[in-house]
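The following note sets out some points on the model shown below.

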Amino acid sequence: MKRFEGKNVLVTGAGRGIGRAVAVAFAKEGANVVINYAGREESALETLALCREAGGDGICVKADVSNEEECKMLFDKAKEAFGDISVLVNNAGITRDKLLIGMTEADFMSVMEVNLKGTFLCTRLAVKDMMKKRYGRIINLSSIVGVHGNAGQSNYSASKAGVIGFTKSVAKEFASRNITVNAIAPGMIETDMTDAIPENMYEAMLNQIPLKRIGKPEDIANGVLFLASDDASYITGQVITIDGGLQG
Ligand code: NAP
């Protein structure tokens with residue numbers, strides 16, 4: 001029996017990286033997956049093809065999660081295609097890394113808008129139907145730097161720390177409706193986002209990981225599926241670190 005047979009799952013930023021791995025993992029378990037992306041249509045269509053190959057179904061929807069109207073359109077299209085969403089994965093995220101002294105207001109705000117406001121907008125839309133159904137699973141992508149900080153990432157760390165506070169508060173608001181809300185804090189995972197890290201920094205970070213490898217997007221997808229599954233029905237308001245022991 002597939003764990004998410006017939007369930008409708010919306011994954012933001014599912015065109016590539018962690019979001020793609022999450023979408024495909026849900027599809028393997030029989031879910032209908034709404035694949036949101038920001039601009040790279042070809043990449044999103046590739047995710048859709050992988051989902052179908054894996055045995056699920058899906059649609060691709062281009063929408064900027066920091067824009068309220070586009071988020072509404074995203075949820076409308078999801079509903080039109082499959083019906084109510086029972087699992088939301090707030091995964092879309094960006095970085096604009098700079099030391100504070102050179103960081104502009106735009107660098108700061110763009111990261112807050114996508115990573116934190118995007119999570120707020122999509123969650124607010126998702127809980128409406130979840131409340132009626134008295135069932136929902138929301139998983140937010142934070143980061144270990146949202147817990148521990150990182151030089152050059154004050155904007156990103158602040159947004160990811162915000163995601164943790166948001167997760168814990170919303171978990172308390174909706175627990176009585178059987179909606180669980182949790183966060184995952186990944187360490188260093190091999191995606192386009194970490195490709196941007198200079199090689200010397202990358203090597204130095206790798207040396208600090210006790211499990212001696214960079215994480216794969218699938219390592220995070222495994223955690224997301226666990227939190228969305230019935231096995232995690234008594235877990236809410238938590239942050240699960242998946243980082244190979246980096247911040248152990
Ligand atoms: P990624 O490879 O850079 O992919 C980001 C995805 O987000 C893409 O599909 C992109 O769409 C989408 N996106 C960007 N801005 C968006 C917007 N405004 N609206 C909708 N979608 C948007 O990122 P990743 O490494 O997989 O990271 C996924 C999540 O995990 C992020 O929240 C990130 O902060 C978090 N995380 C990652 C790591 C890591 O080591 N990789 C570590 C900790 C936390 P397009 O493809 O259309 O551009």
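**Notes on the predicted model**

1. Ser-157 is buried, with a relative accessible area of 9%; buried means under 20% relative accessible area, exposed over 50% and partly exposed in between, with a 1.4 Å probe and protein chains only. Ser-157 is found in helix α6, where helices are DSSP runs (H or I, at least four residues) and strands are E runs of at least two, numbered from the N terminus. Its side chain reaches the backbone oxygen of Gln-153 at 2.6 Å. Leaving aside neighbours within four places in sequence, Ser-157 is in contact with Val-145, Gly-146, Gly-149 and Asn-150; contact means heavy atoms within 4.5 Å.

2. The model is predicted, so local features need pLDDT of at least 70 and side-chain atom pairs count only at pLDDT 80 or more, while totals for chains, interfaces and linings use all residues. Residues are numbered from 1 along each chain as its sequence is written, and side-chain values use heavy atoms, with hydrogens and water left out.

3. Thr-47 lies in helix α2 (residues 41-54) and is buried, at a relative accessible area of 0%. Apart from neighbours within four places in sequence, Thr-47 is in contact with Ala-14, Gly-15, Arg-16, Arg-20, Ala-23, Val-24 and Ile-35. Between Thr-47 and Ile-85 there are 38 residues in sequence and 19 Å in space, C-alpha to C-alpha.

4. Helix α9 (residues 217-228) has 12 residues, which at 1.5 Å a residue should span 16 Å; the end C-alpha atoms are 17 Å apart, in agreement. The expected span is 1.5 Å times one less than the number of residues. Buried residues of α9 include Ile-220, Val-224 and Leu-227. The cover over the buried residues of α9 includes α1, β4 (87-90), β5 (136-141), β6 (179-186) and β7 (239-242).

5. The ligand is surrounded by 31 residues, of which the closest are Arg-16, Gly-39, Asn-91, Tyr-156 and Thr-191; a residue counts if one of its heavy atoms lies within 4 Å. An oxygen atom of the ligand is 2.5 Å from an N or O atom in the side chain of Thr-191, and a ligand nitrogen atom is 2.9 Å from an N or O atom in the side chain of Asp-64. Taken alone, the ligand exposes 910 Å², and the protein buries 94% of that.

6. The shell around the ligand takes its largest share, 3 residues, from α7.

Notes. A polar contact is a pair of N or O atoms within 3.5 Å; within protein, one must be able to donate a hydrogen and the other to accept it, and residues adjacent in sequence count only if both atoms are side-chain atoms. Accessible areas come from the Shrake-Rupley method with a 1.4 Å probe; for residues, only the protein chains shown count as cover.
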